[in-house]
Amino acid sequence: MTSKLPELRGSPKSNFEYTLTIKNDSGRNLVASFAAAAPQNFETSFTEAYGTQELSSIPIDAGQSKDIKLKVRPPSAIDAGHFPVKVIVNAEDASAQTEVALDVAGQPQLQLSGRDGLLSARAVAAEQSTIPVVVTNSGTAPADSIEFAATAPSGWKVTFQPAKIERLVPGKDTEVQALVTPSDKSLAGDYQLAVRATSRGETASSQFRVTVSTSTVWGMAGAGVIGVALLLMLGAVARFGRR
């Protein structure tokens, strides 16, 4: 048994596929069965070389060869490293084995939260408020060129300062500021703000609850209008009452 490409490199999210050739050097037809010994929590399966049907054995005529495909999927939370997989084939009293390997590169993993874990904030309609957003890289490789975006209610304006983080190494976090301006038409109440961070295919998101209140300026203006209306009404009553 031989492998055309015995070592492959990828990320924890990759599917590693190896083409194995099994040759029957005996003088009779055989049914070859095969198995893989992989590290713990690795998923392995065998399929036809040009198909998707999973196999555990395959018939091989005397003097002939057959190709099969071994698929290996590492666990998503695995650290970077070199991981061997032993493949064994048996047919009656004969056996053979070979070894393939996975070189797993590190993978960034982003997480978003509020300062001190808070996912709520307060804002005023038509006024800019600042919401602290904490970005954490809990993966095994640096996260580069992290950019931010938000999905907010209609008419809201959301920007970020800084707009981009050039690099965040594993195990570290940093804080950015979401500058949020609710629409001047926003009514008092709670609203949902979705914040996303993206780094070359790696994405994280979190939902913030923003409690919006109306501006005190508009409240004072409304009170003034009501006050003027009351004075006019009282003046009218006093004037026409004397008649």
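Two strands count as paired if DSSP finds at least two bridges between them. The views below show a predicted model.

View 1. Strand S9 (81-91) and strand S10 (94-104) pair in the antiparallel sense over 11 bridges. Within this pairing, Asn90 stands opposite Ser95 in S10. The two strands form a hairpin with 2 residues between them. In the turn, Glu92 has a positive phi of about 55°.

**View 2. The pairing of strand S2 with S10.** Strand S2 comprises residues 7-10 and pairs with S10 in the parallel sense over 4 bridges. Glu7 has Ala101 of S10 as its bridge partner.

**View 3. The largest pocket.** The largest pocket holds about 250 Å³ of space. Its lining consists of 17 residues, of which Lys23, Asn24, Leu30, Ala91 and Ala94 are the closest to the pocket centre. Two or more lining residues come from each of strand S3 (16-23), strand S4 (30-37), strand S9 (81-91) and strand S10 (94-104). By class, the lining of this pocket contains 9 nonpolar, 4 polar and 4 charged residues.

**View 4. The second largest pocket.** About 170 Å³ of space lies in the second largest pocket. The residues that line this pocket are Pro12, Lys13, Ser76, Ala77, Ile78, Gln107, Pro108, Gln109, Ser138, Gly139, Thr140 and Glu202. This lining divides into 4 nonpolar, 6 polar and 2 charged residues.

Key:
Residues are numbered from 1 along each chain as its sequence is written. This is a predicted model: local features need pLDDT of at least 70, side-chain atom pairs count only at pLDDT 80 or more; totals for chains, interfaces and linings use all residues. Side-chain values use heavy atoms; hydrogens and water are left out. On a 1 Å grid over the protein atoms alone, a cavity is a set of points where a 1.4 Å probe fits but cannot get out, and a pocket is an open set with protein on both sides within 12 Å along at least five of seven lines; lining residues have an atom within 4 Å of a point. Grid points are joined across faces, edges and corners, and a volume is the space filled by probe spheres set on the points. Ala, Val, Leu, Ile, Met, Phe, Trp, Tyr, Cys and Pro count as nonpolar, Asp, Glu, Lys and Arg as charged, and the others, Gly among them, as polar.
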